[in-house]
Amino acid sequence: MMLGRAARHARQLLAPSASALAGMRMAQVAVAQNALTVHRAFHSHLPLASEASSFVTDADVDASPSPDFIALERTTPLIHTRLSYLDPATKPEGEAAKAYVPMSAHVFNTAPHQHAMHMAVVYYLDAMRSGTASTKTRSEVAFSGHKLRPQKGSGKARLSDRGSPMLRKGGVAHGPRPRDFKTELPRKVRELALRSALSARLREGKLHVVPSLAWQPPPMSTNKLARLLSSKQWNDTLFLTAPRRPESPIASERGYARPSSVDLMYTDEQLERHVRYVRNFDMASRNLPDVMLMRLHELPPHPRPRLEHEKLPGELHAYQVLQFDRVVLDLGALEWLEEKLGGSLVHQMYAEELSHWQAENAAAEPEAEAESASSIETSTTAPTP
């Protein structure tokens, strides 16, 4: 009897209420409205994207999804941010100064994942620990193993040799020993943390894109740069740079699955031009304490698949982005990040989908015009009562 009453009470607690079911229904409708756009996938009788209704009813939610439909994000794959300028002399006049630069939403508009960023910070700091702390045990100190006094008869506590941990300058019991503190973190989590850090900085208004990092040659270049960065509130800033227009290698299955494993290729002319272009800014910012210039194309390549948990000293981490208050990218660094974090693949996918939809709409326009013309002819030839 008691067991049956307890079972009924548990069922009442676990059963969802009417308000909870209504909330779940509203959530399903909201997700369906904001997340899906249906397009023609495998069969010609499926509706076009332009014909799909923007309003989703409860009947649409209750209907079982067809395997012939593919769900795509309705949000645009690009976001735009205002272009900033480092040197006022390079800033154009008029409306040209209000230019916007397109950025990949996959890289710079990701919902920040706080736990992934925390794990990435712990992973980076663990790998930075040297692990060289060491102490000597009682067998390693430079003392004899001779027993100091007899075991009994002295009226004092028992004592062994001079290296006892109880005595001054003796060995250390359970002290630190050299060890490796690095931990493991999957590659996808590291990339998610980096995209989350970049997106968080952009949402805070602390990620800026400049057309170039060209600066005036020395002398007196450091003083002018420090005053300029102070006026822009870019004192604690990470500057990222790379040559423009990298040449992507031949795409392979591994490259599509892991964009970060593909090494971007630059010609010797591009590298030499970039060295000359960034030299003055590097020399001017070298003595500034809270300013760091990082050349992304000089970072070592990503580890091989069997060593994807190994940390590379120069790998760009989320901690390095979060360590500084602001992040400034030039256009070459923007292209490098989009190539390495999969933004270019998203651009390619959406471009293919857009061309597919445009071709379908172009093929459907003559049919619609013919139908409209035939309806006009029938309306004009019809006898008036």
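Student: Buried means under 20% relative accessible area, exposed over 50% and partly exposed in between, with a 1.4 Å probe and protein chains only; which residues of α9 are buried, then?

Tutor: This is a predicted model, in which local features need pLDDT of at least 70 and side-chain atom pairs count only at pLDDT 80 or more, while totals for chains, interfaces and linings use all residues. Residues are numbered from 1 along each chain as its sequence is written, and side-chain values use heavy atoms, with hydrogens and water left out. In α9 the buried residues are Gln270, His274, Val278, Asn280, Phe281, Asp282, Ala284 and Ser285.

Student: And what covers them?

Tutor: The cover over the buried residues of α9 includes α7 (221-231), β4 and β5, where contact means heavy atoms within 4.5 Å. Helices (H or I, at least four residues) and strands (E, at least two) are DSSP runs, numbered from the N terminus.

Student: How far does α9 reach?

Tutor: Helix α9 spans residues 268-285, 18 residues in total, and reaches 25 Å from its first C-alpha to its last, close to the 26 Å expected at 1.5 Å a residue; the expected span is 1.5 Å times one less than the number of residues. The helix also has a kink of about 40 degrees, centred on valine 278, the bend at a residue being the angle between axes fitted to the seven residues ending there and the seven starting there. Val278 is one of the buried residues of α9.

Student: Switching to the sheet: what's the strand order?

Tutor: The order is β3-β6-β4-β5 in an open sheet of four strands with parallel pairing, and two strands pair if DSSP finds at least two bridges between them. At the edges are β3 (207-210) and β5 (291-295), each of which pairs on one side only.

Student: How many bridges hold β4 to its neighbours?

Tutor: Strand β4 (residues 237-241) pairs with β5 in the parallel sense over five bridges, and four bridges join β4 to β6 (residues 326-330), again running parallel.

Student: Is β4 enclosed or open?

Tutor: Because five of the five residues of β4 are buried, the strand is largely enclosed by the rest of the structure. Thr237, Phe239 and Thr241 point one way, whereas Leu238 and Leu240 point the other.

Student: Take threonine 237. Which residues does it pair with or touch?

Tutor: Threonine 237 has valine 291 as its bridge partner in β5 and stands opposite arginine 326 in β6. Leaving aside residues up to four places away in sequence, threonine 237 touches Asp290, Val291, Met292, Phe324, Arg326, Val327 and Val328. Its relative accessible area is 0%, so threonine 237 is buried.

Student: What does its side chain meet at 2.6 Å?

Tutor: A polar atom of the threonine 237 side chain lies 2.6 Å from the backbone oxygen of tryptophan 234.

Notes:
Polar contact = N/O pair within 3.5 Å; in protein donor to acceptor, adjacent residues only side chain to side chain.
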